[in-house]
Amino acid sequence: MTATDTVKTTTGPILTPAQNRVVWLLLAAAFVAILNETTMGVAIPHLIDDLGITAVAAQWLTTAFMLTMAVVIPTTGFLLRRFTTRAIFGAAMGLFSTGTLVALLAPGFEVLLVGRVIQASGTAIVMPLLMTTLMSVVPAQHRGRMMGRVSVVISLAPAIGPTMAGLVLDNLTWRWIFAIVLPVAIAALIAGVRWIPNIGEQTHAPIDVLSVVLSALGFGGLVFGLSQIGGGGHGTDPAALAAATAATTTLVVALVIGAVTLGLFLWRQVALQRKDDALLDLRIFRSGNFSLSVAHFAVMSMAFFGTITALPLYLQNTVGLSASESGLVVLPGALAMGLLGPVIGRIYDRWGTRVLLLPGTIVVLAILWGFTTLTESTPVWILVVTQTVLSIGLAMSFTPLFTASLGSLEPKYYSYGSATVSTVQQVAGAAGIAVLIAVMSSVSQAAVDSGAADAAAGAAGARAAFLLAAIIGTPLLISAFLIRKPADAPEGMPAAH
């Protein structure tokens with residue numbers, strides 16, 4: 001099929017009642033799993049006190065989650081073709097529920113860390129399963145409105161995670177973060193095992209162990225290395241210099257190992273895909289529309305995850321808000337993304353990509369450049385408004401990107417495309433968080449060392465971080481012009497180029 005913005009219209013129901021039930025079940029499962037991903041950051045100070053651990057150890061509750069996601073997600077393209085839909089869903093929610101229970105009952109840090117790893121193993125499978133299922137059951141002309149629901153999950157859940165955690169921690173203990181999630185996860189597991197049908201055909205190709213190892217070292221090494229950016233601390237005393245040197249060494253080694261093994265992984269996949277045995281089939285990148293959409297999505301993810309992490313830190317450390325108050329500042333934007341997702345999806349189905357992606361990209365860049373003017377006295381109401389407008393711009397971008405990217409592929413490649421999009425989100429998000437927080441921290445510390453007040457130093461760090469995000473994102477104005485909505489085509493036709 002060709003890439004175009006021409007849209008066909010049809011009448012009749014989009015999905016059968018059974019298919020609609022499956023979609024909503026998968027959406028709920030994905031929302032709960034991804035919501036849980038961003039709750040630990042707010043809880044770290046409480047965990048340090050309750051468990052008697054250091055800040056470095058506590059940070060592993062977030063780092064280990066991200067590492068596990070980075071390792072598992074690239075394998076999901078193969079797993080979704082190798083095993084039945086019901087079996088994959090049962091494994092995903094079973095792992096997530098088990099990990100949540102382990103974390104809830106954890107007597108100490110080590111067991112809590114194990115619980116987070118188990119949780120992440122399940123979370124990593126849910127999102128690719130959701131997108132692959134939607135692409136398989138939803139007619140091409142209606143995918144926008146359904147992918148609008150996916151954009152709600154992928155944007156709203158991580159945005160309100162810290163808000164929920166802050167409200168819980170202000171009134172209850174950290175264990176309640178897991179206690180609230182557990183019954184919902186178990187209910188989704190039971191409903192899924194009962195109702196989810198098996199979709200698509202399964203292959204019987206054996207899993208390539210070498211590819212799994214290379215994938216784990218490649219993607220895991222990159223994410224771990226990125227997580228070490230700015231982790232060496234500041235100062236000129238011997239202890240601080242030694243910590244900075246050790247952190248830099250770890251960062252370089254991890255990134256080199258990640259880059260080399262990732263290259264070997266890609267080479268291995270090219271060899272295996274000739275026999276249709278690849279763990280991650282790279283023929284998806286033969287579609288220029290898919291490749292461009294994924295690249296655009298990667299930069300957007302860097303800006304999104306970096307911003308939703310850096311902004312609350314600015315609100316707490318510079319403006320002086322509490323964790324709960326800073327969460328409430330970003331909540332209206334999260335709700336706007338949730339409410340607009342399906343509406344934006346319908347606009348995509350009717351009018352195509354450019355009418356959404358181009359203005360959405362302009363809005364995101366305008367707000368990021370606006371954030372470069374923040375000061376310690378910026379009124380909170382301005383931050384609420386600008387964050388909400390930023391969220392609307394992101395919502396206008398994510399739905400077209402999801403739908404246009406996967407819609408450019410042949411049906412047999414949907415699972416690999418979903419795995420790739422989810423992997424890109426994870427790695428790019430980790431990069432955005434690491435780089436923006438490192439810049440924010442280093443510039444703030446430099447300002448303090450030069451005699452600036454803490455609030456002024458914090459504002460300087462925030463301006464520098466958002467300036468970098470704005471510079472990185474500016475080239476998206478070009479790709480926003482080029483990405484197209486794939487034309488409707490019968491199953492089996494070649495992918496859009």
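The expected span of a helix is taken as 1.5 Å times one less than its number of residues, a rule applied below to one helix of this predicted model. The protein has 17 helices and 0 strands, where helices (H or I, at least four residues) and strands (E, at least two) are DSSP runs numbered from the N terminus. In this predicted model, local features need pLDDT of at least 70 and side-chain atom pairs count only at pLDDT 80 or more, whereas totals for chains, interfaces and linings use all residues. Residues are numbered from 1 along each chain as its sequence is written, and side-chain values use heavy atoms, with hydrogens and water left out.

**Overall picture**
- Of the 497 residues in the protein, 56% are buried, meaning under 20% relative accessible area, with exposed meaning over 50% and partly exposed in between (1.4 Å probe, protein chains only).
- Among contacts (heavy atoms within 4.5 Å) with a separation of 6 or more, 85% join residues 24 or more positions apart.

**Helix 9**
- The 19 residues of helix 9 (residues 209–227) should span 27 Å, and this agrees with the 26 Å between its end C-alpha atoms.
- Buried residues of helix 9 include S211, L214, F219, V223 and L226.

**Helix 5 with helix 8**
- Helix 5 (residues 85–105) and helix 8 (residues 175–195) pack at about 160° with their axes 9 Å apart, the axes being lines fitted to C-alpha atoms, for helices over the stretch in contact, and angles running from 0 to 180 degrees between N-to-C directions.
- The contact of helix 5 with helix 8 has 16 nonpolar, 5 polar and 2 charged residues, with Ala, Val, Leu, Ile, Met, Phe, Trp, Tyr, Cys and Pro counted as nonpolar, Asp, Glu, Lys and Arg as charged, and the others, Gly among them, as polar.

**Helix 5 with helix 6**
- The axes of helix 5 and helix 6 (residues 109–137) come within 7 Å and cross at roughly 155°, and the two helices are therefore roughly antiparallel to each other.
- Residues making this contact include I88, F89 and F96 of helix 5 and I118, Q119 and L129 of helix 6, and by class the contact divides into 14 nonpolar, 10 polar and no charged residues.

**G407**
- G407, which lies in helix 14 (residues 380–407), is buried with a relative accessible area of 6%.
- The C-alpha atoms of G407 and K485 are separated by 7.9 Å, although these residues are 78 residues apart along the chain.

Conventions
Parallel < 35°, antiparallel > 145°, perpendicular 65-115°, else oblique.
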